[in-house]
Amino acid sequence: MRIAMIGAGYVGLVSGACFAEFGVDVTVMDVDPDRIEGLHAGRMPIYEPGLDKLVAENVKDGRLTFTTDLATAVKGADAVFLAVGTPTRRGDGHADLSYVYAAAEQVAKAADGPLVLVTKSTVPVGTGREVQAICRRVRPDLPISVASNPEFLREGSAIGDFMRPDRVVIGVDDDHATTVLRRLYRPLYLIETPVLAVSIESAELIKYAANAFLATKITFINEIADLCEKVGADVHDVARGMGLDGRIGRKFLHPGPGYGGSCFPKDTLALARTAQDAGSPVRLVEATIEVNEARKARMAQRILAALGPAHAGKRVAVLGVTFKPETDDMRDAPSLVILPALVAAGVEVTAFDPQPAHARQSLPAAVRFAETAISAVQGADALVVLTEWNEFRALPPDRLKAAMKGDIILDLRNVWDPAAMRAAGFTYSSIGRP
């Protein structure tokens, strides 16, 4: 089989490389010539563990190619996947679908035969039907089947998520699209992955509903962590007791400074706006959005309070600024709220992150970046953990103590043992623990 992936961003590049690993001939197309030139040279535009190796192997074997020319990508393709951006639209919170609709029209114009046009981007309900209308208007002479195939990739473990997914969702309304998509995912039959064929509308809503539920679960445990601090309970014990209930599950019950990233903030907001427009508001999701945004600001105030009233001029070391470990993604990261607030309050901020490329461009110029965790904490009055990179867990308390000027640690990801840190002489606080 042969497919084209329109968009060489996170979803398009990972999905294209993984389909190539399945034995499919894949052409990834992007309008950014620098990005395509970099991919030809073996440079990844994003950080994702294992992606560089997977891309290199499939390029070498001839199954994965890159181009800026849409006609070349689409020629002879059995299916074309739209993996373009759907950022939050300024002013109203809806997903901006202009890139999706423009790409759909261009693909329809360039198509040289029947194909399946698949929306891989996260889009609100009704997008697939609009794509169908565009195809009928632009190419009434050509049978183009439209389908939805939402992605469920977690940054930092995206390749594993694609190769060993919990499920594959395909939104289809004709047999041809169903057949093509089932053939593409045939390698997953060997590990008995459920392939759920539903309507296009249901597939579109499944993605939004899943992300909104997970965001709500994170926000719920964050509020329970706040309550634990007030009543003397341990949020980890509470989360463990909850998670052992099979109806709830253990995942996404880890407290922190608030969720961020490329999906949850954007998708919860888009779902809330879609529901309002449909006359069926999702109040729980709306509350989740509000509570999560307020939490990030509150974390900044928590740090300032720990520094005391004379916080101006004090030096804070921040370990981790990406929205989660094993990624360089800064989109809606808590650090984008917390660090500017510290800088505005006159605090000197030095940060360290193992993947700082995008962070350097996203954070205020006043934020200094260190080359190692230990050099970041050198001479610091306080240490804040914002992202739970594994390498931080192994930092010896005595080395931190020797490097720091002060003794304040605010562990906003609960990476360290409170007893061990206090035994080392730190004034240690974490999220939801005594």
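Q: Which way do H9 and H12 cross, left-handed or right-handed?
A: H9 passes H12 in a left-handed crossing. A crossing is left-handed if the near helix is turned anticlockwise from the far one by less than a right angle, and right-handed if clockwise. Helices here are DSSP runs of H or I with at least four residues, strands are runs of E with at least two, and both are numbered from the N terminus.

Q: Is this an experimental or a predicted model, and how are things counted?
A: It's a predicted model: local features need pLDDT of at least 70, side-chain atom pairs count only at pLDDT 80 or more, and totals for chains, interfaces and linings use all residues. Residues are numbered from 1 along each chain as its sequence is written, and side-chain values use heavy atoms, with hydrogens and water left out.

Q: OK, back to the helices. At what angle do H9 and H12 cross?
A: Roughly 45°, and the axes of H9 (residues 200–231) and H12 come within 9 Å. That makes H9 oblique to H12. Axes are lines fitted to C-alpha atoms, for helices over the stretch in contact, and angles run from 0 to 180 degrees between N-to-C directions. Under 35 degrees counts as roughly parallel, over 145 as roughly antiparallel, 65 to 115 as roughly perpendicular, and the rest as oblique.

Q: Which residues make the contact between H9 and H12?
A: Among them are Ala-212, Thr-216 and Glu-223 of H9, plus Leu-284, Val-291 and Arg-295 of H12. Contact means heavy atoms within 4.5 Å.

Q: What else does H9 pack with?
A: Helix H6 (residues 127–138), at an angle of about 135° with the axes 8 Å apart. H6 and H9 are therefore oblique to each other. The contact includes Arg-129 and Gln-132 of H6, and Glu-201 and Glu-204 of H9.

Q: New topic: what order do the strands of the open sheet come in?
A: E11-E10-E9-E12-E13-E14, 6 strands with parallel pairing. Two strands pair if DSSP finds at least two bridges between them. The edge strands, E11 (368–369) and E14 (427–430), each pair on one side only.

Q: How many bridges join E9 to E10?
A: 5, between residues 315–319 of E9 and residues 348–352 of E10. Val-318 stands opposite Ala-351 in E10.

Q: And which strands does H12 lie across?
A: H12 (residues 283–307) lies across E9, E12, E13 and E14, running at about 165° to E13.
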